[in-house]
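Dear colleague,

Please find below the structure that I am handing over to you. My notes on what was found in it follow directly after.

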Amino acid sequence: MPSSNGLSISNVGKTFRSGGRDIQALENISLELPAGKVGVLLGPSGCGKSTLLRMVAGLENPSEGTITLNGRAVDQPGRDRGMVFQDYTSFPWLSVKDNVAYGLRINSDRSALNEGTVEHFIRAVGLEKFADAYPHQLSGGMRQRVAIARTLANYPELLLMDEPFGALDPETRWQMQDLLLGIVRKERTSVMVVSHDIEEALYLGDVVFFLSRHPGRLKEVIHTDFKSALPPNDREAFLQSEEYRRLELHIRRLMQDEGRDAA
Amino acid sequence: MTAKLSDRATGQALEPVVPTSATPKKRRGYWFDFNQSLPVNQRLILGAVGWVAFFLLWQITAQMDLAPDRLYPGPVAVFDSLKTLFLEQNFLSDVISSITRIVASFVIAVLIALPLGLLMGSFARVDGVLNPLLGAWRYLPAPAFIPLLLMWLGTGNSQKITLLLMGVVFFLVIMLADVTRQTPKVLIETAKTLGGGRRIILWTVLFRHSLPGYVDTCRQMLAVSWTYLVIAEIVAATDGIGAMMMRAKRFVHVDDIMAGIVTIGVLGLLFDVLFRLIYRKCFPYLGRSHS
Ligand SMILES: Nc1ncnc2c1ncn2[C@@H]1O[C@H](COP(=O)(O)OP(=O)(O)OP(=O)(O)O)[C@@H](O)[C@H]1O
Ligand SMILES: [Mg+2]
């Protein structure tokens, strides 16, 4: 019974046809992400995380099952589901400001443009000094912040991110994770992030969906309620908490099982 | 970064490197090294060296009596006749006729090729219909149509402009479609997830991303246009650079013919520079990697 609030994926499967052969990427995935929560898709390479996220975005159609967001069926891309890709996809011909304004402009959202939404999100990702710079003048981490600001400025109901910090160095990565959590808590956006990093998954996620591969199935759903008892924005305390270590070990074992099956 | 590279480029590389303990070891570079980028003034000097050498060689061989002066004049003689052509024989109007033909035919070619190329590069079904058709027309040499065009359109400007158009437009369509097709898929998908419809994505992503490539393609195809211009004006024309050269041939005025060649070369170069300027002015966001 899909709830009408939040993301609901029920019995979704995906089969690719390539070279005359059918490849089943995902089988019978059912999961719920309540509105305002951060969900993480975690799993070994090739288990279908990107495929699932792209289906939620409407960039790919499920072979079976249905996906609904806040009660509406998903069948094509739309403004309600903003996506941040792994490779920093700023439009090279637009300045930072114009990149962030792009979504509002193509939707002719005058009121948001006039209310200073663009400036607000440029400030939120800490790029106010670079508002007039072009993407080629920015580092990878900065370009990814442009992409995040551009997506959020469009006020999506669900923010989708496919390994958004995968190519960044650890220090920048930690900064970006905190930045993301800060903005998301403030704006109360729902988020679905793909990750293959256990620490990142537990740090970002309210719920972690662990997928196994060949074909991709939902193997386990892990809730991280323990974080509410910890001081907020304190990575140190998080990493040293009993619960974190227990879950980290548990997920590591799941990963190792996957590796053994593949071998 | 530029400073570092120029230091290396001007360093005297041919001296043997003698390591001494007293002086700190200075990093030396080679005159010829891979991935060197030269400062602008050095590029200009090197370019001038090539041209000066060419003219010297030309002048020297012309004075060596290998052939009669009448058939192989040196650069000085050619520049003299160029002066005479412009000052006394109204060569400027020939040049203007030629430029008019080039510009008119090229503008028409771009007006036809750009929408077709954009649609073919964007939509597989449009490409599916037009690519086999236009791709094949590309291989029909435009000059083969001259007899037909002469019968249909006579010897006037419309015949020449049509020939130029036919020589360029099919290549242009296919090349502009290729440029469009190179738009990264992820940029299109980004625009989709931001709520963009097909019309908006066509203009704000595919067209906009391809614009620098379009300008560069036009620059290259314009060079091809000049080739067809000479063919068109040699066949049947009363004015134009090519017509002047055919007149000169009748009276064995080799210096005038060479002056015509030089004029075409200079004009081609000017158009090339113009397009490069447009490129640099309009697309600053491409950074320094493109020259
Ligand atoms: N367009 C496609 N055509 C054919 N097969 C595909 C296509 N896209 C994905 N697949 C297959 O589906 C499976 C899942 O791919 P997907 O990219 O979703 O994995 P992933 O979990 O995101 O992996 P990674 O962590 O390496 O990014 C893989 O076996 C892949 O080969
Ligand atoms: Mg992936």
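I begin with one side-chain pair in chain A. The side chains of A:Lys219 and A:Glu258 form a polar contact at 3.4 Å; a polar contact is a pair of N or O atoms within 3.5 Å, where within protein one must be able to donate a hydrogen and the other to accept it, and residues adjacent in sequence count only if both atoms are side-chain atoms.

Before going further, please note that this is a predicted model, in which local features need pLDDT of at least 70 and side-chain atom pairs count only at pLDDT 80 or more, while totals for chains, interfaces and linings use all residues. Residues are numbered from 1 along each chain as its sequence is written, chains are lettered from A and ligands numbered from 1 in the order in which they are written, and side-chain values use heavy atoms, with hydrogens and water left out.

A:Lys219 belongs to strand S10 of chain A (helices, H or I with at least four residues, and strands, E with at least two, are DSSP runs numbered from the N terminus). With a relative accessible area of 38%, A:Lys219 is partly exposed; buried means under 20% relative accessible area, exposed over 50%, and partly exposed in between, with a 1.4 Å probe and protein chains only. Not counting residues up to four places away in sequence, A:Lys219 touches A:Phe210, A:Leu211, A:Ser212, A:Leu254 and A:Glu258, contact being heavy atoms within 4.5 Å. From A:Lys219 to A:Asp162 the C-alpha to C-alpha separation is 20 Å, and the two are 57 residues apart in sequence.

Next, the ligand. Which residues surround ligand 1? They are A:Phe16, A:Ala25, A:Ser45, A:Gly46, A:Cys47, A:Gly48, A:Lys49, A:Ser50, A:Thr51 and A:Glu163, where a residue is near a molecule if one of its heavy atoms lies within 4 Å of it. By class, this shell holds three nonpolar, five polar and two charged residues; Ala, Val, Leu, Ile, Met, Phe, Trp, Tyr, Cys and Pro count as nonpolar, Asp, Glu, Lys and Arg as charged, and the others, Gly among them, as polar. Helix H1 (residues 49–57) of chain A gives the most to the shell, with three residues. Oxygen atoms of ligand 1 also lie close to the backbone: a polar backbone atom of A:Gly46 is 2.8 Å from an oxygen atom of the ligand, a backbone N or O atom of A:Cys47 is 3.2 Å from an oxygen atom, and for A:Gly48 the distance is 3.0 Å. On its own, ligand 1 has 640 Å² of accessible area, of which the protein covers 62%; such areas come from the Shrake-Rupley method with a 1.4 Å probe, and for residues only the protein chains shown count as cover.

A:Glu163, one of the residues around ligand 1, has a positive phi of about 40° although it is not a glycine. A:Glu163 sits in the loop between strand S7 (158–162) and helix H6 (170–187) of chain A and counts as buried, at 14% relative accessibility. A:Asn11, also not a glycine, has a positive phi of about 55°. A:Asn11 is placed in strand S1 (residues 7–18) of chain A and is partly exposed, with a relative accessible area of 46%. A cis peptide bond, with omega about -15°, joins A:His214 and A:Pro215; A:Pro215 is in the loop between strand S9 (207–212) and strand S10 (217–223).

Finally, chain B has eleven helices and zero strands. Of its 291 residues, 38% count as buried. Chain B exposes about 17,600 Å², with carbon and sulfur atoms supplying 67% of that area.

With kind regards
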